[in-house]
Amino acid sequence: SKSIPAGEIERFVVAQIRRIGNDPTLLNGTLTVSPFAPDWDTLAPLEQARIVQLLVERVDYDGLTSSVSITFHATGIQTLVDELASQHQEQSA
């Protein structure tokens, strides 16, 4: 099977995460401050990695079909929404 560089898969995963962060219908309108774009690029690498680990359970690559599949943690988005809401409340206080 064909392989691809890990960097390409990482960019694909981040692009999908950014898509989620920019789609209010996926988040039921609860995420008003997106950690994905444009702020994603200003986050420290450790914070980017923490967010990816919070959201992504597994990434699979099928070399025969050249397809990537991402399995997200079932509660990852809600956990992130809760964290952001808490941060927003702290900043407002």
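Ser-66 sits in the loop between strands S1 and S2, where helices (H or I, at least four residues) and strands (E, at least two) are DSSP runs numbered from the N terminus. The model is a predicted one, in which local features need pLDDT of at least 70 and side-chain atom pairs count only at pLDDT 80 or more, while totals for chains, interfaces and linings use all residues. Residues are numbered from 1 along each chain as its sequence is written, and side-chain values use heavy atoms, with hydrogens and water left out.

Although Ser-66 is not a glycine, its phi is positive, at about 55°. Most residues other than glycine have a negative phi. Ser-66 is also partly exposed, with a relative accessible area of 39%; on this scale buried means under 20% relative accessible area, exposed over 50%, and partly exposed in between, using a 1.4 Å probe and protein chains only.

The turn that holds Ser-66 belongs to a hairpin of S1 and S2, with 4 residues between the two strands. S1 and S2 (residues 67–72) pair in the antiparallel sense over 6 bridges, two strands being counted as paired if DSSP finds at least two bridges between them. Within this pairing, Val-56 has Phe-72 of S2 as its bridge partner, and Tyr-61 stands opposite Val-68 in S2.

Taken as a whole, the chain has 3 helices and 2 strands, which follow the pattern α-α-β-β-α when read along the sequence. Of its 93 residues, 25% are buried.

The largest nonpolar core has 11 residues, including Val-56, Trp-40, Leu-55 and Leu-84; such a core is a set of buried Ala, Val, Leu, Ile, Met, Phe, Trp, Tyr and Cys residues joined through side-chain atoms within 4.5 Å. Helices H1, H2 (45–55) and H3 (76–92) each supply at least two residues of this core, and the largest share, 4 residues, comes from H1. Gln-78 is found in helix H3 and is partly exposed, with a relative accessible area of 47%. Although Gln-78 and Leu-55 are 23 residues apart in sequence, their C-alpha atoms are 9.4 Å apart in space.

A pocket is defined on a 1 Å grid over the protein atoms alone, as an open set of points where a 1.4 Å probe fits, with protein on both sides within 12 Å along at least five of seven lines, and lining residues have an atom within 4 Å of a point. About 150 Å³ of space lies in this second largest pocket, the volume being the space filled by probe spheres set on the points, which are joined across faces, edges and corners. By class, the lining has 7 nonpolar, no polar and 1 charged residues, where Ala, Val, Leu, Ile, Met, Phe, Trp, Tyr, Cys and Pro count as nonpolar, Asp, Glu, Lys and Arg as charged, and the others, Gly among them, as polar.

As for confidence, the chain averages a pLDDT of 79, and 80% of the residues score at least 70, pLDDT being the predictor's confidence in each residue, from 0 to 100. Among the elements of the chain, S1 has the highest mean pLDDT (92) and H3 the lowest (79).
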